[in-house]
Amino acid sequence: MYDVIIVGGGLAGLVNAILLARSGFEVALFEKNSYPFHRVCGEYISNEVKPFLIRNGLFPTDLNPTEISKFKLTSTNGKRAELPLKMGGFGFSRFAFDHFLFQQAQAAGVTILQNHKVTAIEFENDEFQIIANRQSYQSKLVIGAYGKRSMLDKSRKFMNKKSPYLGVKYHVKIDLPIDEIALHNFQNGYCGISQVENNTFNLCYLSHRDNLKNKSIDEMETTTLYENPFLKSIWDNADFVFEKPEVINEISFEKKELIHNHILMCGDTAGMITPLCGNGMAIAIRSAKLLSDLIILEWNKGNFNRHQIEEKYRMHWHQNFSSRLWTGRQIQKLFGSKWSSNLAVELIKNQWVGNGIIRLTHGHPF
Ligand SMILES: Cc1cc2nc3c(=O)[nH]c(=O)nc-3n(C[C@H](O)[C@H](O)[C@H](O)COP(=O)(O)OP(=O)(O)OC[C@H]3O[C@@H](n4cnc5c(N)ncnc54)[C@H](O)[C@@H]3O)c2cc1C
């Protein structure tokens, strides 16, 4: 019997696990893969979470990240705007960052079950039963931190809507400014590029699946992405580190139920911000801090009250994240077509407007 079981070991799962275990909770974390591993992500982390990471010894200083302080946006036909970033950010590969957090979780005493895919979560008689690899585990609380979409979501409403987006990621070697993150539009999608560790750049895009109709990924890139001259130049000049890209399908930005069958959802499982905002990772980390702080506070009152935890989490999560996710969905409409991406470029040329939009999708550093 664990106090808390966490399903999914991305940023939300690992940060919850570390904070709870450091406060004396018996925590088990289930991850279907084994660390370290690559995942589709632009790997640009907003400085919103930097003070928290440093304060808690969760900032992998050895990776020596570059400060990213400039933003470049290009439209599908290659018009561009540049903007100094007020808050800025830094870049780590998820391969390295998640592995570092996994080690911190181990050190904090979390029981980590790798290669354990959770296939069922049942709630009965005020406790949970979790099934993974045909074994059963019990806990008082369950945190759902299994990312964008999973079979575990089959009874959640957002699953009724098919999601048309796929994500593709590469690591490349290329000669580009190291303090800049660029976002390049193409028809029905956009592609980010920024530096991670080891003088490597992350090249990652989100595309509508219509672009892939009767085409391979390669063909989609040469026909659709190459229409933006900046993207063609990147593909022409980059050395690709992976043999083949990391790809994920069915990325959903729909509203999700925050608490389902008493499972407390966190990170992307609670709701995913559109990637162009560049702060899904910050939201995953911040929502994990919010949730674990609340669990610690309520638990330490000595009289465990599930209803209190659920109600307070619902209230604080919506206060912190609902409007950011909504704004992200609206901004995404300015991407992926010629006229709208040119409009976005014109808007971003005005620094006041550009930084105003960024402010609406980011929180204050904490
Ligand atoms: C194309 C793209 C680009 C992006 N670029 C950026 C960016 O530049 N900056 C940024 O801040 N954010 C970006 N994001 C968003 C960011 O990747 C996510 O918001 C972040 O990874 C959320 O973390 P998480 O912990 O909630 O989920 P995840 O990181 O997805 O972790 C979920 C974990 O759960 C595990 N899991 C799933 N199902 C099970 C199961 N049944 N049993 C056990 N384990 C399970 C998975 O293996 C995974 O390790 C991007 C997203 C996409 C799609």
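Visitor: How many residues of domain 1 are in contact with residues of domain 2?

Guide: 25 residues of domain 1 are in contact with 26 residues of domain 2. Two residues are in contact if their C-beta atoms, placed from the backbone, lie within 7 Å. This is a predicted model, where local features need pLDDT of at least 70, side-chain atom pairs count only at pLDDT 80 or more, and totals for chains, interfaces and linings use all residues. Residues are numbered from 1 along each chain as its sequence is written.

Visitor: Which helices supply at least two residues of the side of domain 1 that touches domain 2?

Guide: Those are α3 (94-108), α6 (280-300) and α7 (306-332). Helices here are DSSP runs (H or I, at least four residues), strands are E runs of at least two, and both are numbered from the N terminus. By class, this side of domain 1 has 13 nonpolar, 6 polar and 6 charged residues. Ala, Val, Leu, Ile, Met, Phe, Trp, Tyr, Cys and Pro count as nonpolar, Asp, Glu, Lys and Arg as charged, and the others, Gly among them, as polar.

Visitor: Where does the ligand lie, and why?

Guide: Domain 1 (1-37 + 94-161 + 253-332) and domain 2 (44-92 + 162-251 + 336-366) both give residues to the shell around the ligand, so the ligand lies between them. The domain bounds come from an automatic or database domain assignment. In total, 41 residues surround the ligand, and the closest are Gly8, Gly10, Gly42, Gly267 and Gly280. With 4 residues, α6 gives the largest share of the shell.

Visitor: How should I read two packed helices?

Guide: Two packed helices are described by the angle between their axes and the distance between the axes. Here, α6 and α7 pack at about 150°, with axes 10 Å apart. That makes α6 roughly antiparallel to α7. Axes are lines fitted to C-alpha atoms, for helices over the stretch in contact, and angles run from 0 to 180 degrees between N-to-C directions. Angles under 35 degrees count as roughly parallel, over 145 as roughly antiparallel, 65 to 115 as roughly perpendicular and the rest as oblique.

Visitor: At what angle do α1 and α3 pack?

Guide: Their angle is about 20°, and their axes are 9 Å apart. That makes α1 roughly parallel to α3. Among the residues that meet are Leu14 and Ile18 in α1, with Leu101 and Phe102 in α3. This contact has 9 nonpolar, 1 polar and 2 charged residues.

Technical notes. Near = placed C-beta within 6 Å.
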